[in-house]
Amino acid sequence: MTISALPARAVLEEACSLAGFDPTGAEPVRIAENEIWRLPGKVIVRIARAGQWKAAVREVRVAHWLADNGVPAVRALPVEQPVEAAGRPVTFWVELPPHEIGTVRDVVTLLKQLHPLPVPDFPLDRLDPFVRVAERIEAATSLSEDDRGWLRHRHAELREWWEHRPAGLPECIVHGDAWVGNVARTSAGPLLMDFERVSVGPPEWDLVSTAVKMTTTGAVTEAEYAEFCEAYGTDVTDWEGYELLAGARELRMTTYAAQHAATRPEWRAEAQYRVDCLRGRAEPRPWHWKGIM
């Protein structure tokens, strides 16, 4: 057994030992690309994938920076972190109070606080809309080779387009994955979560996440989207680069499903449907893609 193949609880126990926490009574919250555990005492443990040390360091730094700037967000615990356990970076967070998934209004409220902030003095990467897309395509073994070849071509096409994208709003700090699933609605208001993709880039990337929920998947109504645009002050669908960013988002959502369908048979039909939509084999947009957890 390699260190990265250790059972999840063994990784948790090693990480807690290194950081000074007691793993007794730990409960899994979500076991997916990243593993989330809850410890007694309102502590959340996040075990990232092997090779994601840099991202884990960035998440903790961003969390502290958001706290310093008064942005409502999940808070990293004041311990020396991340730690490495079984080759995987592990971070420790304050458990959120009782909450629900955020709303479209919550997303724009937080983006209006995030985007105007000055770039921090610690290193942040440039935005890459295609991070891990190539790896996901190669892992999508439930798809036919023809479909995977099409996804590779689409990836290359969009990447070339990205290098020559049109000018838009001034670049700023972007969340990188700004959708309702990364916002918690509490009694005190919305909180921003998941800083794995925080970077410097066009704010349109954060706006397009909500736009495609209307134009591509139909999960956001026209009225909700109109409220989003009014609150932010712009409609990204009017920008000449919208098709590029929407295409990148669609590709990300499709390859995420396809990668996991290789090991989760219950996702195979949804993954195939998403590919069929992109390849013009299904009904016109908006499509009704099912949520994948």
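Mentor: Happy to. Let's begin with helix H8: 19 of its 20 residues are buried, so this helix is largely enclosed by the rest of the structure. Keep in mind as we go that the model is predicted. H8 runs over residues 242–261, and from its first C-alpha to its last it reaches 28 Å, close to the 28 Å expected at 1.5 Å a residue.

That burial leads us to the nonpolar interior. In soluble globular proteins, nonpolar side chains tend to be buried together. Here the largest nonpolar core has 75 residues, and those touching the most other members are Leu66, Trp93, Leu111, Leu114, Phe195, Tyr225 and Phe228. H8 supplies the largest share of this core, 11 residues. A second, separate core holds 17 residues, with Ala15, Ala26, Leu77 and Ala85 among them.

Setting aside neighbours within four places in sequence, Phe195 is in contact with Arg58, Glu59, Val62, Ala63, Leu66, Ala73, Val74, Trp93 and His175. Two of these partners, Leu66 and Trp93, are named above among the core members that touch the most others.

Now look at Asp194, which sits in the loop between strand E9 (189–192) and strand E10 (199–201). Its phi is near 60°, a positive value in a residue other than glycine. Asp194 has 25% relative accessibility and therefore counts as partly exposed.

You will find Ala86 in the loop between E4 and strand E5 (88–94). With a relative accessibility of 7%, Ala86 counts as buried, because the cut-off for that class is under 20%.

From there, step back to Pro82, in the loop between helix H2 (53–68) and strand E4 (83–85). The peptide bond leading from Gln81 into Pro82 is cis, with omega near 5°. Another cis peptide bond joins Arg285 and Pro286, where omega is about -5°; Pro286 belongs to the segment after helix H9 (268–278).

Finally, have a look at the second largest pocket, which holds about 260 Å³ of space. It is lined by 14 residues, and Ala32, Glu33, Glu35, Arg49 and Arg88 are the closest to its centre. Sorted by class, the lining of this pocket comprises five nonpolar, four polar and five charged residues.

How values were computed: Residues numbered from 1 in each chain as written. Predicted model: local features only at pLDDT ≥ 70, side-chain atom pairs only at ≥ 80, totals over all residues. Heavy atoms only, no water. Helix = DSSP H or I, 4+ residues; strand = E, 2+ residues; numbered from the N terminus. Expected span 1.5 Å × (residues − 1). Buried < 20%, exposed > 50% of the residue type's maximum accessible area, 1.4 Å probe, protein only. Core = buried A, V, L, I, M, F, W, Y, C linked by side-chain atoms within 4.5 Å. Contact = heavy atoms within 4.5 Å. 1 Å grid on protein atoms, 1.4 Å probe; cavity = no way out; pocket = protein on both sides within 12 Å on 5 of 7 lines; lining within 4 Å. Points joined across faces, edges and corners; volume = space filled by probe spheres on them. Nonpolar A, V, L, I, M, F, W, Y, C, P; charged D, E, K, R; others polar.
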